[in-house]
Amino acid sequence: MAYISEFQYYDNGVNPPEDVNWGSYQYVPLYDIVNNFMLMYQGNHSLVNNEERFKILFHAKRAIQELNYDAFKEIKVLELAVDDSLRFVLPPDYVNWVRISMYRDGILFPLSENIQVQSAQAYLQDQTGRVLFDQSGNILRPEDSSLDFDRIKGSKPSIYLDQNNGQFNGQTGYNVDGCWYFEYGIGARFGLNTETANSNPTFTIDRKAGVINFSSSISNNLVVLEYISDGMEGGDDSKITVNKLFEEYVYASIEYAILGSKLNTQEYIVARMRKRKTALLRNAKIRISNIHPGRLLMNLRGQNKWIK
Amino acid sequence: MKRGAILSPSFFLLIFTKKFTMINTVRNTVLSVLNKNNYGYLSPSDFNLFAKQAQLDIFENYFYEYNYQINKENARQSGTGYADIRKGIEEAIEIFSETKGLVRTADNIYSLPSQTTTGDDYYLLNKALVYQTLLDEGTTTAISAGTGNNKLIDSAANFTADINIGDIIAYENGGVQYAKVTVKDNSTTLTTNRTDLNAIGRPYAIYKSTTKFEEAEKVTHSKITMLNNSLLTAPNLTFPAYTQEANALTAFPNTIDSIGQVQAQYLRYPAEPKWTYVTLANGTPVFSQSPADYQDFEIPLDDEVGLILKILQYAGVMIREADVYSFAQAEENQDNQEEA
């Protein structure tokens, strides 16, 4: 990729969208990665020789995918409104979630993942319990299972302190300054299960169905999903990039992947490549974590604070 | 010649002349060896046949030599500078290098280099290059004979928006030709730097002048189906691929389907050498470069000895003279050993 002028950088040569080059200098395009590897690491006098370019491309993309999962720290954020269906369809480039929050009154409320089963499929059955089929032999299914139905209607009790269906729902209590207080049950109450001690709505991710199911109290609220992708940019190779701090790691990763699977490569070479790869990954992770005195300063200023 | 002496222009002329008539020198030497002890005589037609074979032998041997030198380099048995044998072989091979547009036959299928499409048969297709940014394509609707057939005229086109001076026009006229836009006359007419846009109904394609060439990767038929179905590595315009089948090249992705979108850098076969004559002196043909079919050897001058020895071997077999064959064979073996 050629270097661009400052005019091109800021205004994209007056071609919309103007922000297309902003911050681009941090990244190396996939095209350059593959091109550089073919030029510099592959050839008659190199360890990697007579390899097809598509193999290099594959290993480059795999390295980029792996980096996107944990090293890049490039978290995507998507905000969507959740309606009465209590469902949030996962974004098309979703791989895993980082945090899910509810946005209400200008505040982000982090939500807890519900460890209970919240959603299920169901089959229609007759009175004797036999499963019903249509003419084509396909099983007939109801729109919602009872589990889903109860969850959506808010009638499903929960172990969480969810406002609508928590364990204190329906109990007699005292409202003082807007907060509810309840008497302990007989035998006293020894502590709280902190895992479920959250009054915010809860969620469960149904990965195969591609949705996040929420408890009923989230209805008609905004939900913010922080998630990670694999960096493949919807299959558009021209948009795939790697942070420059990881460039050398990607070369090392490709080299290791090729040599590690190549017949008759001496084991000491494979071991050398593995060490190089892991060392470069470690270095790059340290670099991108951006630990420097300036960032630590504010934390260290609290070192003499008295702890009560 | 003393080191540092100034070379006269006639010296360069001498070298040039010598190279230019290498075929005559080779023939004279061959005849001289053959005539020793009255072994026999080689007619011009036989000489031309043997010359062609000898040149092909040497040409093919370049690639084995090249590989041999690479292996020597990897074994750290080769030097640099004047000891860089590989460089010399590369230069000899690259004499036969050509880069030309491939003629499209249908969709994403292009003809491989051939006498009818590129003007020469290819020995090795080294790489296929793909134009990235197609700006426009269409068919010519008029010619500009009055201005020397230098204009691309297409009444259905709208050249105003996306075409700029310097952009590249590809069209087919005795193979693929590439012209540059020199003037944007109006929305349907472009002036080019070539003068062979002389037919109506000629398809053309225009590529952005700053477009990148992407190198398409050769993929075998055993892999291309899986590659096309691969999520991560399916060919696209950034990483195109191609397969070869008979005398056709199929480009992938199949959106590569425009005139002149694929160029090939290939090594052609050496032209067939032809020792020609026009007159006879005392019944002996006298060399002349005048006939249209005259063709000198194309391989470098330093292979002259090799040519002579190879032709002598063929001649020795022809005249059933074992001594000639043995002599040439022994000389060639010695030569090979020295070079190794």
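**Group meeting: a two-chain predicted model**

A compact globule of 308 residues would have a radius of gyration near 19 Å, but chain A has 27 Å. That radius is taken over C-alpha atoms, and the globule rule is 2.2 Å times the number of residues to the power 0.38.

Quick housekeeping, then. This is a predicted model, where local features need pLDDT of at least 70 and side-chain atom pairs count only at pLDDT 80 or more, while totals for chains, interfaces and linings use all residues. Residues are numbered from 1 along each chain as its sequence is written, chains are lettered from A and ligands numbered from 1 in the order in which they are written, and side-chain values use heavy atoms, with hydrogens and water left out.

Okay, staying with chain A. Its C-alpha trace spans about 80 × 75 × 50 Å along the principal axes. The secondary structure comes to 7 helices and 12 strands; these are DSSP runs, with helices being H or I of at least four residues and strands being E of at least two, numbered from the N terminus. Of the 308 residues in chain A, 33% count as buried. Buried is under 20% relative accessible area, exposed is over 50%, and partly exposed is in between, with a 1.4 Å probe and protein chains only. If you take the contacts in chain A between residues at least 6 apart in sequence, 69% of them join residues at least 24 apart; a contact means heavy atoms within 4.5 Å.

On charge, chain A carries 32 positive and 36 negative side chains, and the centres of the two sets lie 9 Å apart. Lys and Arg count as positive, Asp and Glu as negative, and His and the chain ends are not counted. Each charge is placed at NZ of Lys, CZ of Arg, CG of Asp or CD of Glu.

Now chain B. We get 7 helices and 16 strands there. Its radius of gyration is 26 Å, well over the 20 Å that the globule rule gives for 340 residues, so chain B is more spread out than a compact globule. The C-alpha atoms fill a box of roughly 75 × 55 × 50 Å along the principal axes. Of the 340 residues in chain B, 44% count as buried. The charge tally for chain B is 27 positive and 40 negative side chains, with the two centres 4 Å apart.

So how do the chains meet? The size of an interface is often given as the accessible area lost when the parts come together. Here the area buried between chain B and chain A is about 1600 Å², and carbon and sulfur atoms give 58% of that. The figure is the accessible area, with a 1.4 Å probe, that the two parts lose on being put together, summed over both. On the chain B side, Glu217(B), Leu232(B) and Phe239(B) lose the most area to chain A, together 44% of what that side buries.

The peptide bond from Pro16(A) to Pro17(A) is cis, with omega near -5 degrees, and Pro17(A) is in the loop between α1 (6-11) and β1 (27-29) of chain A. Over in chain B, a cis bond joins Phe252(B) and Pro253(B), with omega about 5 degrees; Pro253(B) is in the loop between β13 (248-252) and β14 (262-268).

Then there are two asparagines with positive phi. Asn264(A) has phi near 65 degrees, in the loop between α5 (247-260) and α6 (267-289), and at 72% relative accessibility Asn264(A) counts as exposed. Asn290(A) has phi of about 55 degrees, lies in the loop between α6 and α7 (293-300), and is partly exposed at 42%.

Last stop: two loop residues in chain A. Are they buried or exposed? Leu86(A), in the loop between β2 (76-82) and β3 (87-89), is buried at 1% relative accessibility. Setting aside neighbours within four places in sequence, the contacts of Leu86(A) include Arg151(A), Ile152(A) and Phe214(A). Val48(A) is in the loop between α2 (30-40) and α3 (53-70) and is buried too, at 0%. With residues up to four places away not counted, Val48(A) touches, among others, Phe37(A), Tyr41(A), Ile258(A) and Leu259(A). The C-alpha atoms of Val48(A) and Ser136(A), 88 residues apart along the chain, are separated by 55 Å.
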